Structure formats: C-alpha cells, structure tokens
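Let's take a walk through this structure together, one stop at a time. Keep the 3D view open and follow along.

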Amino acid sequence: MKKIVKKIVTAVAVALIPSWGGAAAIASVAPATIEARIDSLLSQMTLREKVGQLNQLNTADFDTLGTAVAQGRVGSIINEVNPEVVNALQRKAVEESRLGIPLVFARDVIHGFNTVFPIPLGQAATWNPSLVEEAARIAAVEASATGIRWTFSPMLDVSRDARWGRIAESAGEDPLLNERMGLAMIRGYQTDNLADPTAMAACAKHFAGYGYSEAGKDYNTTWLPLPLLEDVVLPPFEAAAKAGAATFMTSFNDINGVPSSGNKWLMRDVLRERWGFDGVLISDWNAITEMINHGVAADKKEATLLAAAAGVDIDMEGHSYPDVLEALVAEGRLDEAVIDGLVRNVLRLKFRLGLFENPYVDTSRPSPAFAPAHLAAATRAAEEGTVLLKNTGLLPFGKGVKKIAVVGPMADAPHDQCGTWAPDIRRERSVTPLAALRKLYGDRNVLYAPGLRYTRDRSCEGIAAAVKAAGDADAVLCFVGEEAVMSGEAHSMADLDLKGAQTELIEAVAATGKPVVLVVMAGRPLTIGRERDMADAVLYSFHGGTMAGEALARIISGKANPSGKLPVTMARMTGQYPMYYAHKNTGRPPEWTVELDSIPVEAPQTSTGCTSYYLDAGKEPLYPFGYGLSYTTFEISEPRLSASVMPMSGATFTVECTVTNTGKCAGAETVQFYVRDVVGSLARPVKELKDFAKVWLEPGESRVVSFTLAPSQLAFHGLDGKPVLEPGEFMVWTAGSSAEGTPVSFNLVENKLL
Ligand code: GLC
C-alpha cells in the first residue's frame, strides 16, 4: 500500500514539474495540487494515523520515539538538532510507517541558532527591519543544516511591563514595531519558497495577549477589552497571517477567562475566518491539558474537545490529543470530520515545506555555523541594537585613554551575553567585551577585575580589586546587567533594580574619580537611574549575542557610532510599570509634580496637585520609547503636510520632514512618525507610532524623509470591537523619540463637507 501511495504522490508531483525540474519547481506545485494530494492521503489514513499527525513530541530516547514514529503516531518532533538522528527518525517515518508521511522537526530558533544575534528586544532596538530579516535568514540557514524546518518565532506579544521576563523575546511596547520586526523575521525564515531546504516555517506567537499577563507575572491571567485587543494586541498577528506566516501558536494565558487554546472566537472566527489563515495552529507546550489547571476543563477529554473545537491542529507535548481523540470519536462526542480538518492543515504544511519530495537533511554540506558573514552580520546587529543613553563626551575613547579598567560580572560572560532562548550556542565562540577590548587595546592596557563573580553575587569581596584597577587606569568600563536565566520564560521579576552587589561595585569605582562608562547587558529595561547618575556615559545592550563584545568594543573605541533607539520605555522605578508612551491622557494629566522629599511635614492634602503621577517617581520615565543618542547630533524639522484637510475616504496624505546631521561624524538617525487623535468617541492615546525610517548621514548632510498617511491608519476600534473612523483634529510629529518634536495639526473631514 505504502509503495503504491508513494508512486501516486510522486507521480502527481513529477507530472507537474516543468522540464527544468529541481526542488524549487516542486515547491511551486500549485496549491490545488497540494489539496488533491491531501485528499488522496487523507482518504487512506486510519483514525489512529490521523491523530498521529496532530501529536508533537519532544525528542527522547531513540528506540521509544522511533517505534512511535514507525507506527505513525507522531507527526512532528521538537528539539532534535542532531542531523544524523533527524534523518534516522525521518527514515522511520518515510520508510517504515504505513503511509510514509514525513516528520517535521521544530526548534525555538528565537534570535539565531549557533551564531546568536541580539535577543528580539535588542534587534528591535536597531529599528532596522532589513537587518532583522538578514539575521533570521542566517538563523534559518544554520538551523536547517541540522534538519530543523520549523521555528517557534517570531514572538509578536506587545509588552508594556518589564517585570515580564518574556519582554526579552518581544519587539517591545509598540504594535507597529512588533509588526515590522515580526514580518522581517517571517521573510527571513520562510523566504518566498518554503520548500527551499534552507527555509523554516515561521510561527507567529503567542496568540494572543500573553504580553498583558497581569502584573508582569508569567502565565498570569489577562483582561483585554475589545478596543485594546483590536487596536494593540491583534494587529501584529493579523499582519503575520496576511504575510503568509506558515504557523501560529496559542498562548498560555486566558483572555477574560477563556484560555487561548480553547478560544473558538480567536482561533476560528478571527484567525481562520476573518484573516483567512490556512496554516497550522499549534498549542503551546502542554497548553491544551493545562486548561484543566485553568479550571475550564474537568479532564483531558473536555480540554481536548475545547481545543479541537477551537481548531488547534497540533498538541505540543501535551498528551491530550494522542490519549483521548480516538476515544472521543468512538464515544460519538467528536466527529472525525473535525479531526480531518486539523490533519489537512498539518499535511498542507508538510507539502509546502517540500518534505514529501525532500524529507532528509543533507549532511554532506559543510556546516554553515559561525560563517564569517554570519558573525559579521551578528556584529552589525549588536552594534545597531546598542543604545547610547548618556554621554558627557567620554565616548568614544580618545587618545587620552590608554589604560582601561574593565570591571563587572558581564565583562567576560560568554553564556550570559547571549541571553534567553539560546540553546545552541557554543560559548567558546562568544566574543566577550573583555576579549574584544584586549584585542583592540592590547592585553597590557586592559586591567581586568570583575568585582563580582556573577550578576546576583552579593559578595563585595572582589570590589577592592576592581577599585585598584580603576585607580591604575585612565577610564573604567563597568559591565553589569542580568544573567541569561534572569529573563525569558518563567523569569518575571518584581524588582528591576540591579541585583547582587552591582550597585556597590559601580559606586566604588565611581568614587575613585576616574571616568566611568556603564555598560548594561540585560534581557529587559532595568531601573538604573542611580547608577546612571554615577557614570559619565551609559550604553544599553539588550543581550547582544555571540558578537556582543566585538560590537561594544567597536562602539567604545569609536569604530562604530551607536544608533540604537529604545523599543520600550525605561521606567525610573519598577512600580511605574506598565509604562508606555502610547498612554491615555487621563482627566488629570500632570502639568507639574512635587518630589516626595520636598513635601513639607503636615502638608495640606491637595498640595501635591491632585494629578496623575507618583510622589516617589514623578510622571516621566527614566528614558522614553524611541530614545537613543549618537556620537553625532541630528536635527529633524517639523513635519510638512501635503494638505491641512484630509478627506475621510480619499487619497493618502504625505508627511515630510528634513533630517540633518549637525555633528562632526557620520551616523544614523531613526525618524519616528507619530499621530494623535485629539478627540474621539473613546479616549485615544497621546500619540501612536505610524511609521519610521532609519537614515545614515554624513556630517552636514540633509535628507528629506517622507511618510504617507491613509485615513485607515487613523481608525480605531469601538467598545464593540468594530473599526471606527471619526472626523476631527489630528496632530503629527516627526521626531527622534516619542518625547521630542513639535506637532503640526490637520483635520480629517467627511467628504460631503469638502
Ligand atoms: C515554551 C514557550 C514557547 C515555546 C515552546 C516550545 O513553553 O512558551 O514560546 O515555543 O514552549 O519550546
């Protein structure tokens, strides 16, 4: 039987290949042909074989896993990265199982595979989608060489609370930035030919609302009214679905009490019907079974019924589908046609990946890991993702700085500089700041004393040596931040101050009177206000990856000019989160604030102004969204509008500005285009990012940057979740951060008034 099936499947495929043949041609087999091939296979599958396709297992002991594969009870495997094992398991599927349906192998390739790029939050700080696409392409080339053809990336969860450790995996607080970076990753992973052996299926996750986990506590409940869902949470996912993301993943959280893995409205009405998604929807790890913990299912059968009804195609390591789906059909509680629908999506993915024609990984190819071009791209990404927060003129080091004290627990941390979700690094390939600085300045000019053994180290024993090194040097580089394990999944923090004795270390070296550069390497924004005040310059690197040290050394020495801009608001105190630029104005926006210590004893109740701010933290962040300095300076003109009146249904509108490099060295500026709807039927954010452009300018050079604005970009969603577009006054900014710029107004008017 199997042989016959293979002949039919292959014959169909071969018949349709143009004379020039080749994997690319197979990949371009028409969708209708894929559907015909799915029909053909489905008609021969037993219920058990169908359920097998819906079962994703973690890699395990080969014999056990191999037996299950040969019996057709596994459809995909996660976390196997040994190409020989991948091919051996694939042979079990293709040559031993009855129908020879190939497996697909998956991995969390989140920000690189062997060559690790900055964490997604750091890639977002580049504001350079083409660089992010290049990074994803490199990740796919390296991962697919081991047999991985499906990555669980990009994460599109808008994140506005840095207590949530997974902010590290996001592109930060803004939906547009998450969308642009997510689409860049999808392009890089998938290319325009998913059957290319170096392509990987992308996975838009975690669908949806996970970034709103209450209080920044991972896996926590979310409360998302329809306007917030439709205006902020869903847009990046809709863009991913319409851009052809091959797969989606459900999120762990419940939305208003409904766990995503059982959320029929989200998965069928929105994802499938409204957005036309026909790819694979996989649950997050065990998330189907966890609906029992959520308290919406009494047992695996009820959880499975909820998930199948919602259209979750694959149960990732959840053992619900494989354990109870057949029984549910036998009991008449689930129609086999529902299962057929899920299996279709899985088979379609495998056909699109070209796995039926090309199931094995070519192990004859030399490994592409750490190719020089990959390392060069990783260096550029780490450079462009580094944000210069403060600089009194100390950076870049001039000729006066000959001896450098390098201190701090992150100065030589090859594992931790790669950040969260980097399981395939080879730590010996990481270029740490210490290694790069020694290479650049010479060993004898670099005085190294870490001070602390790791970032959580509370012992101050090593600080004296760091102080000595500082005393003997012309300047101090102090590398602090977070170990990789302190951000990412299940790593929420209730306090975002530097851990261990890092602050004591900074205080001690600053007290020597030598100029100090504070370099923070972390998975999230940290509350570093006190430490910032002790330093002459501050660089922020969101775990920069394999080449983090090389990039930082190049920036510190002036070989590279930093151009990073914050993708998240940096709060002064943890208690200010959730804190983000696109906030509502409230009825009492603070014009002025009173600082806690300045309030007189027995001050009158209303003496602090009765407006919306914190007595102990004020109203401003430490640094706003979109902020970042350069070694040069830029000027961005006020926006120039193509008209002062925009018809509600009419042509798009042009907004221009001129950006000039007013400083002495070449550099890049990211011009950000914000809009505010001044009056709406719902309170609207004080500003929203509508576009951005990163421009590289020589000293004195000017460039006109032009954005378009369509009425549809001014719409929002009402309380009923339906889109509304309302006439009225709008303001626009073109600026170098969300806190700068002079707005210009225009009016959106109903056509009949024109
Ligand atoms: C994890 C994460 C998800 C990841 C999956 C597979 O729990 O939530 O992002 O892709 O399991 O590792």
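Start at the ligand, which has 13 residues around it; Asp108, Arg166, Lys205, His206 and Asp284 are the closest. Keep in mind that you're looking at a predicted model. What kinds of residues make up the shell around the ligand? Seven are nonpolar, one is polar and five are charged.

Now zoom in on some of the contacts here. The side chain of lysine 205 has an N or O atom 2.8 Å from an oxygen atom of the ligand. Histidine 206 has a polar side-chain atom 2.6 Å from a ligand oxygen, and for glutamate 489 the corresponding distance to an oxygen atom of the ligand is 3.0 Å. How much of the ligand does the protein bury? Out of the 310 Å² that the ligand exposes when taken alone, the protein buries 94%.

Next, find glutamate 483, which sits in the loop between β14 (475-481) and α20 (502-510). Is glutamate 483 buried or exposed? Its relative accessibility is 7%, and buried means under 20%, so glutamate 483 counts as buried.

On to the strands. Take strand β12, residues 404-407, which is covered on both faces. Ile404 and Val406 point to one side, Ala405 and Val407 to the other, and all of them are buried. Strand β12 pairs with β13 (residues 446-449) in the parallel sense, over four bridges. Along that pairing, valine 407 stands opposite alanine 449 in β13.

For the last stop, look for an open sheet of five strands. In what order do its strands run? Reading across, you get β19-β27-β26-β21-β22, and the pairing is mixed. The edges are β19 (645-647) and β22 (688-697), each of which pairs on one side only. From one strand to the next, the twist averages 25°.

Finish at the β19 edge of that sheet. Here β19 and β27 (residues 744-749) pair in the parallel sense over three bridges, and methionine 646 stands opposite leucine 748 in β27.

Definitions and conventions:
Residues are numbered from 1 along each chain as its sequence is written. This is a predicted model: local features need pLDDT of at least 70, side-chain atom pairs count only at pLDDT 80 or more; totals for chains, interfaces and linings use all residues. Side-chain values use heavy atoms; hydrogens and water are left out. Two strands pair if DSSP finds at least two bridges between them. Helices (H or I, at least four residues) and strands (E, at least two) are DSSP runs, numbered from the N terminus. Axes are lines fitted to C-alpha atoms, for helices over the stretch in contact, and angles run from 0 to 180 degrees between N-to-C directions. A residue is near a molecule or strand if one of its heavy atoms lies within 4 Å of it. A polar contact is a pair of N or O atoms within 3.5 Å; within protein, one must be able to donate a hydrogen and the other to accept it, and residues adjacent in sequence count only if both atoms are side-chain atoms. Accessible areas come from the Shrake-Rupley method with a 1.4 Å probe; for residues, only the protein chains shown count as cover. Ala, Val, Leu, Ile, Met, Phe, Trp, Tyr, Cys and Pro count as nonpolar, Asp, Glu, Lys and Arg as charged, and the others, Gly among them, as polar. Buried means under 20% relative accessible area, exposed over 50%, partly exposed in between (1.4 Å probe, protein chains only).
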